[in-house]
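Hi,

Here is the structure I promised to pass on. Have a look at it first, and then read my notes below.

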Amino acid sequence: MNAPQPQSLSDWLAHCERLHPKTIDLTLARVLAVRDRLGLAFRTPVVTVAGTNGKGSSCAMLESIARQAGYRVGLYIKPHFLHFEERCRVEGVSVSAESLLPHFEAVEAARGDLQLTYFEFTTLVILRRLAEESLDLVILEVGLGGRLDAVNCIDADVALITSIDLDHMDYLGPDRESIGREKAGILRAARPAVCADPLPPASLLLVAEQLGSDLRLSGRDFRFDGDRQQWRWQGRTKRYAGMAYPALRGANQLLNAAGVLAVFEALQQRLPISAQAVRQGLAVVELAGRFQVLPGQPTVILDVAHNPHAVATLAQNLDQLGFAPRTRAVFGAMADKALDEVFTRIAPWIDEWHLCDLPTPRAAKALDLQQRFVALREESVLHVHAEAWEAFTAAKVASEPADRIVVFGSFFTVGGVMAGLQGATRTQTSAF
C-alpha cells in the first residue's frame with residue numbers, strides 16, 4: 001500500500017530526506033531528466049553564482065541593485081537559517097510555504113522512479129516556483145561545486161564565480177585547480193562570465209577558453225580601489241566613482257561588489273542599471289549571518305565562516321572592529337571541514353571557546369572539537385555544550401558589556417542562536 005502524499009511543507013521535506021540513501025550524490029543526470037519532464041525553463045535573464053566564499057553576499061547585492069533599478073527579481077539562496085522558505089525570494093520577500101506545495105507535487109509526479117536527493121528535489125521545486133513568476137531577473141546560488149550541482153541544470157545568461165578556495169575537497173578535488181575546474185562547470189559556450197577572484201586557477205581559464213566564454217577577470221576587465229571613505233570601479237565600458245562602501249560588513253565585500261558590477265555590465269543590453277540604482281542598492285543591501293553585528297552589549301557577531309579562507313577573513317574583520325577586553329567564540333561545524341586550520345587561523349583573536357553539538361549527523365561533536373583544539377593550543381579556555389543556544393547563553397553570562405561574542409561556523413550554529421534570539425524577543429514582547 002502506497003503511503004499517503006505529504007500535505008504540508010514539513011511533510012514534503014521529510015519525504016525528500018527519505019528518498020535517496022545519500023545526502024550528496026553528485027550527478028546532473030537525474031535533475032536533467034526531471035527538468036525535461038517538467039518542461040522547466042526561464043525566458044528572463046538568469047545569473048548563476050558559484051564559488052567557495054562570497055556567494056551569498058554577491059547574490060544579495062545582485063538582488064538589491066536590480067530591485068533598486070525597478071526590476072522584479074527572483075532569488076534562490078541557501079541554506080536557510082530558520083525556515084525553508086528563506087531559500088526562495090521574490091521581490092525581496094520569502095515565498096509562502098503554501099505556494100511551494102504544488103511544485104513539490106509536480107516534481108514528485110515527474111520524477112517517476114528516480115531517487116532524487118533532498119537538494120535535487122528541493123532545487124527543482126524552487127526553480128519551478130520561480131519560473132511561474134513574471135520576473136525580470138533570476139539569481140541562482142550554486143550549492144556544492146558547480147559542474148554537477150543541481151542548479152547547473154539551468155543555462156545561465158551570465159555565470160559569476162566568486163572566490164575559489166579549499167572546501168568540500170572530498171567531492172571537488174584536493175587543490176584549487178581541481179576545485180576551479182568544478183566551479184567553471186557553470187560557464188556556457190559563447191556566453192559572458194565573471195570571475196571575481198583576483199587569482200583565478202588556470203583550470204578555470206582553460207575551461208573558459210575551450211568553451212569560448214566571454215570571461216571577465218578582476219584586474220583585467222574590471223578593477224576597483226578605494227580609501228577609508230569611498231571606492232570606485234571601472235569595467236570595459238562603465239565606471240563608477242565616489243561610491244559609499246556596501247552596507248554588508250567585511251574585508252571582502254568590495255571584491256564581491258566588483259564582481260557584481262561586472263555582471264551588470266555584461267547584462268547592460270538586456271537589463272540596464274543606473275548609477276543611482278548601484279549606489280542605493282549597495283547602501284541598503286542586507287544579508288543575515290555574514291559578519292552581522294547585532295545592536296546592544298556585549299557586541300554579538302554572527303558569521304557563517306566555516307572554512308579556512310572564510311575564517312581568515314573573519315579574523316581580519318574582527319581585527320578591524322577594534323579592541324574588546326575579551327572575545328568569546330560560539331562554534332560548531334561539520335566534521336568534514338579543515339578544522340585544525342580553522343582553529344589555527346582565528347585562535348589568536350579568541351580568549352574563550354564555547355563549542356557546541358549541532359542537530360545533524362554530519363556535524364563534529366563538541367567533545368571531539370575540544371580534543372582537537374587541546375592538541376593545538378593547550379592554554380585555551382574551552383567549554384562544551386549540547387546546542388548552540390546553550391553555548392551562546394553561557395558565553396553571554398560570562399561576558400561584560402565591553403566584551404564581544406563571535407558566533408560562527410555552520411549555518412546550524414548561527415541559525416540556532418538566531419532562533420534563540422527570536423524566541424527571547426517574543427518572550428520579552430509578550431511580557432508587556
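How close do the axes of helix H2 and helix H5 come, and at what angle do they cross? The axes of H2 (residues 29-38) and H5 (residues 118-131) come within 11 Å and cross at roughly 30°. Helices here are DSSP runs of H or I with at least four residues, strands are E runs of at least two, and both are numbered from the N terminus. Axes are lines fitted to C-alpha atoms, for helices over the stretch in contact, with angles from 0 to 180 degrees between N-to-C directions. H2 and H5 are therefore roughly parallel to each other (that label covers angles under 35 degrees).

On the H2 side, the contact (heavy atoms within 4.5 Å) is made by Arg30, Val31, Val34, Arg35 and Leu38, and on the H5 side by Glu120, Leu124 and Arg128. These contact residues split into four nonpolar, no polar and four charged. For that count, Ala, Val, Leu, Ile, Met, Phe, Trp, Tyr, Cys and Pro are nonpolar, Asp, Glu, Lys and Arg are charged, and the others, Gly among them, are polar.

Before you go further, this is a predicted model: local features need pLDDT of at least 70 and side-chain atom pairs pLDDT 80 or more, while totals for chains, interfaces and linings use all residues. Residues are numbered from 1 along each chain as its sequence is written, and side-chain values use heavy atoms, leaving out hydrogens and water.

On a 1 Å grid over the protein atoms alone, a cavity is a set of points where a 1.4 Å probe fits but cannot get out; a pocket is an open set with protein on both sides within 12 Å along at least five of seven lines; lining residues have an atom within 4 Å of a point. Grid points are joined across faces, edges and corners, and a volume is the space filled by probe spheres set on the points.

The second largest pocket has a volume of about 630 Å³. Of its 28 lining residues, Glu86, Arg89, Glu286, Leu287 and Ala288 are the closest to its centre. The largest share of that lining, five residues, comes from H3.

The largest cavity has a volume of about 40 Å³, and its largest lining share, three residues, comes from helix H9 (residues 253-266).

Finally, the backbone: the peptide bond from Lys78 to Pro79 is cis, with omega near -15°, and Pro79 lies in the loop between strands E2 (73-76) and E3 (88-90).

Cheers

Conventions
Angles under 35 degrees count as roughly parallel, over 145 as roughly antiparallel, 65 to 115 as roughly perpendicular and the rest as oblique.
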